[in-house]
Amino acid sequence: MNLRLFSKVASGATGIAVSLLGFAVPAQAATVTVYASPDGTGTACSAAAPCSVTGARDRVRSLLPAATGDITVELRGGTYRLDGTLELGPEDSGRPGAKVIWQARSGERPVFSGALQASGWQLEDADLKIYRASVPVGTESRQLFVDGNRAVRARSAQNPAGFTKTATGFTTSDPAYRSWGNPTGIELVGHNSWKHLRCPLASVTANGSGSSLNAAQPCWGNVGTALNPSKYFPYNGDGQRGFVGVAWIENAKELLDQPGEFYLDGDAGSVYYIPRAGEDLATADVELPVVETLVRLAGSPGQLVPVNDDSSSITYTGSWTRSTGRTYGDLRDDVHASSANGATATISFTGTGIDVLSETNNDEGDIAVYVDDVLDKTVSAAPGTERLAQQVIYSRTGLAPGAHTVRLEKKSGSWMVIDGYVPVTAPIKPISDIAFRGVTFSYGTWLQPSGPEGYADNQAGVIWTGSPARTSRTPGAVRVERGQRIEISGGELSHIGGVGVDLAYGTQDSAVTGNRIHDISGGGVSVGEFDDFWLDDPARMTSGNTVTNNAISYVGQEYEDAVGILVGFTRNVTLAHNDIGHTPYSGISLGWGWGWASQGSPRHGTNYASGNRIENNHVHDVMKTLNDGGHIYTLGGQGDGTTRSVFSGNVLNIASGSHSEGQAVYLDEGSSWWDAHSNVVSQTAKYWTQEWIKSIHDIDIHDNYSDITRLWNNGTNVTITNTTYVTDGNWPAAARSIVAAAGLQSGYRHLAAPEAHLGNNGEIGDLLAPVKIAYNGSWELSKLREFGDLSADLHATRENGDSVTFTFTGTGLRVLGERAPDQGTVAVSVDGAAAGTVDTHATSRQVQQLIHQVKDLPYGSHTVTLTKQSGTFFTVDGYLLDKSIDDDDVSLAYQGTWATSSNRGFGDFGDDVRFTTANGASVTATFSGTGADVFTEKYSDEGEIDVYVDGRFRSTVNATNATRLAQQKVFSVDGLPAGVHTLKMVKKSGQYLLVDRLTYR
């Protein structure tokens, strides 16, 4: 190799501390470092003798009383196998100016894992290729991961025929189910519009000669029979959307028949798996998550749970009536009421405070409130003329822990109404000023859906539990409860069975920043509660939190109603500069309550949400499975108009669902007081914006850009003005500037795994990818067919000779279309040269199918033309453009000594290469997709390279060649499960290893 063609790049910098003579230098707060490692023991927690993570936590506790500066827990790289949740409480808190920082040691990757490894696999069934491994008896889990790839719990085919819904579950004429083992482990799975539903079985019994699959309670009562009435504000919008059909049956050993499926028999201590092609269980890393919450940072109190007015803890004296079945929005739809002055209600509770719930109306009056028999104050329940349900008429905190009474005595007005109360069960003592930086959290499970509660979906990861049902939600692998100034940053959350990060129970001023979040059963990030709308105490509200610069993808891997970021009732939350993609339902969902806070709603009250901001996010490829959602979706009121919530600078493209009900800017029931501007919308499904009902009010939608003209505005005082519609692919400079500014900011862009660009058939401009589509002939745009077209449309022609040409810059392209009985052959040409024909005929309709693929072209400008030859129709639905990256891409992580050589003149991609001479030096590429190619130079001074995919050794390749050849493919992998993957190359021999280009698909 010609060394003069290389120029060494400096790999580091030196920091110098300087004391300026003549100036007083303020004293610095003392910082302390505590050390932990995966195999740490003891209590020294020194660099030479690191502790375990629990040992480090206990050491920090001992240091905190005397700390004057930050305490850092330096985490060595490796896997910390947790046998339970790492619990942190107020006693582990830092304070402003003196944080407790758990952080990765520089250049190392600590992984907090909740899994046990399954090893010692033996062939159990040679015909089906089922392998078995032993695990501890009693092991419970819902997930299995093989070399970082999620396995599938054994399941039936989609939409099995022959099931009839009954009052207790489903019946079928098939008697085989009665002979299946472990019937209480079997799950029924269903879809209904925006809902993903799961109920385990209580039993399987005979139904004539067939089977009755009887669902467990309370799951079936909460979703199977749909007891909750429609428009049950503020808890749900349409309770009648229940379990109506079987999407598939899951978790029976008898269903284990496909590669990539597993079955866990915890009672017998066995796990079964059928390997995918290329997997070797003798060497594979097989992880079985068993810990639900990996890290819990919990202040107090926990969840605030209302108690209804009919509780035995309330004693009524005087003349009272209980009014039930009211439709005003009372807690449990009932109240106690008295018209007699002097009537009292005495609440006995244990805790440190209380909120008393009533209604406010003009026929109510003054109430004297006594705490522990001492008059505290007189309050009024008649502040205005509008009836409002579930209002806090009296609030008290700061009582000594213990038993207390609050007595309310009617003083005036026509009525005194008691709706319930909320005890504050513990002192208000947040956990605060703790940071986790650069930590990976992986392999957590969540077991509630396996029990009788099941997964009784309401919407977006908010679920029903208990009987009578109450609002609950999917918990996080990293869970913050009643936190202040908590930081989760610079890390990764992956292979999780619930939600990634969960900011719960009144968490304030906390940040989730700069994380890669992927392969999550539930949602990526959850903020706030969905049942604390009644709060009027700012100290207990969720407020001031930020979720910024995170790359969130492939959420909802198990619970398909999940979203990238879910926000409940909050104040002043900021969701900004996130990249969110590949979601089965919406990308972002903010707010709750439907029309609860809107005037004119029969069930009417207030919530504390206001001042929230959704800005500069890139949200793409959403609504892949469910219905009636969108890229960014909002619900419920946003205050009284004093402060507007902001929805701006977002780039929203592609909704690839199985139906047409996907909107980009979707301000749903009760949404109010939004300022929605400067957003760019491209190739969404149904409407670019939708405000469909009168309860949506007082919203300004202005100065946005869209290449979809469809919209629906039926709101109250909702204005849509100055929209720029782009129908010719020529996006104005202002729109391009918004695109350039959206998504991850500089310094965080490495988090977004490079991937092939998914484009719709109507994406004729080059706003987001270097592709243009030209239709020649008599083509028609077919919209909203409800068959599952990409972005709910496709282009179609009947005329033989009509063609479509894709002009792109890259190395490969996949054309998507429909295969159907009424379609025929298509001629293909590449760069003007004939390249054969493809047959698009099929015996049944199949959408979003690969019609033709071209790959391994030299990087540059190319055309692919497809021309209809036969059949009634030829359709085009979209494309996937392979993604090529250069050796200096921010997604590549180099380890060891590397340098760059530019302008060599040998034909390198980007006219440069990255090189190393050190055996053992490596580069790790992170990408999203199903396959990758590695291109480098081949020459006599290069040698062998070890290649690993998702941490598993794949092969040793040789880059040696007698003559110099640039941009040569030395490794290729395909067939990976769709998701985020890693590809690592390690120099093994030869004088040089060069990195030039990687291409992903």
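**Entry 1: the disulfides.** I began with the link of Cys 199 and Cys 219, which is left-handed, with -90° about the S-S bond. Cys 199 sits in strand E16 (residues 195-207) and Cys 219 in helix H2 (residues 219-224), so the bond ties together parts that are 20 residues apart in sequence. For my own record, helices (H or I, at least four residues) and strands (E, at least two) are DSSP runs, numbered from the N terminus. The sulfur atoms of Cys 199 and Cys 219 are 2.0 Å apart, and I count a disulfide as a pair of cysteine sulfur atoms within 2.5 Å.

Before going on, I noted the ground rules. This is a predicted model, in which local features need pLDDT of at least 70 and side-chain atom pairs count only at pLDDT 80 or more, while totals for chains, interfaces and linings use all residues. Residues are numbered from 1 along each chain as its sequence is written, and side-chain values use heavy atoms, with hydrogens and water left out.

Are Cys 199 and Cys 219 buried or exposed? Cys 199 is buried at a relative accessible area of 0%, and Cys 219 is buried with 0% as well. My cut-offs are under 20% relative accessible area for buried, over 50% for exposed and partly exposed in between (1.4 Å probe, protein chains only).

I then searched the whole structure and found 2 disulfides. The other bond joins Cys 45 to Cys 51, S to S 1.9 Å. Its torsion about the S-S bond is about -100°, so this disulfide of Cys 45 and Cys 51 is left-handed. Cys 45 is buried at 3% relative accessible area, and Cys 51 is buried at 0%. With bonded cysteines counted along the chain, the pattern is 1-2, 3-4.

**Entry 2: the chain as a whole.** I count 3 helices and 90 strands in the protein chain. The C-alpha trace spans about 100 × 80 × 65 Å along its principal axes.

Of the 1001 residues, 60% count as buried. Among contacts with a separation of 6 or more, 77% are between residues 24 or more positions apart; a contact means heavy atoms within 4.5 Å. The accessible surface comes to about 35,900 Å², and 48% of it belongs to carbon and sulfur atoms. That area is from the Shrake-Rupley method with a 1.4 Å probe.

**Entry 3: helix H1.** Which residues of helix H1 (residues 53-63) are buried? I listed Val 53, Gly 55, Ala 56, Arg 57, Val 60 and Leu 63. Their cover includes strand E1 (32-36), strand E2 (71-75) and strand E5 (100-104), among others.

Entry 4: The peptide bond from Gln 217 to Pro 218 is cis, with omega near 10°, and Pro 218 lies in the loop between strand E17 (210-215) and H2. The bond from Phe 233 to Pro 234 is also cis, with omega near 0°. Pro 234 is in the loop between H2 and strand E18 (248-250).

Next I checked phi. Lys 129, not a glycine, has a positive phi of about 60°. Lys 129 sits in the loop between strand E8 (122-125) and strand E9 (130-134) and is exposed at 52%. Arg 485 has a positive phi of about 55°, again without being a glycine. Arg 485 is found in strand E41 (residues 483-489) and is partly exposed at 29%.

**Entry 5: around Ile 418.** I ended in strand E33 (residues 416-418), where Ile 418 has its place. Ile 418 is buried, with a relative accessible area of 0%. Leaving out residues up to four places away in sequence, Ile 418 touches several side of the chain's residues, including Asp 309, Tyr 316, Trp 320, His 336 and Leu 408. Gln 391 is 27 residues from Ile 418 in sequence and 10 Å away in space, C-alpha to C-alpha.
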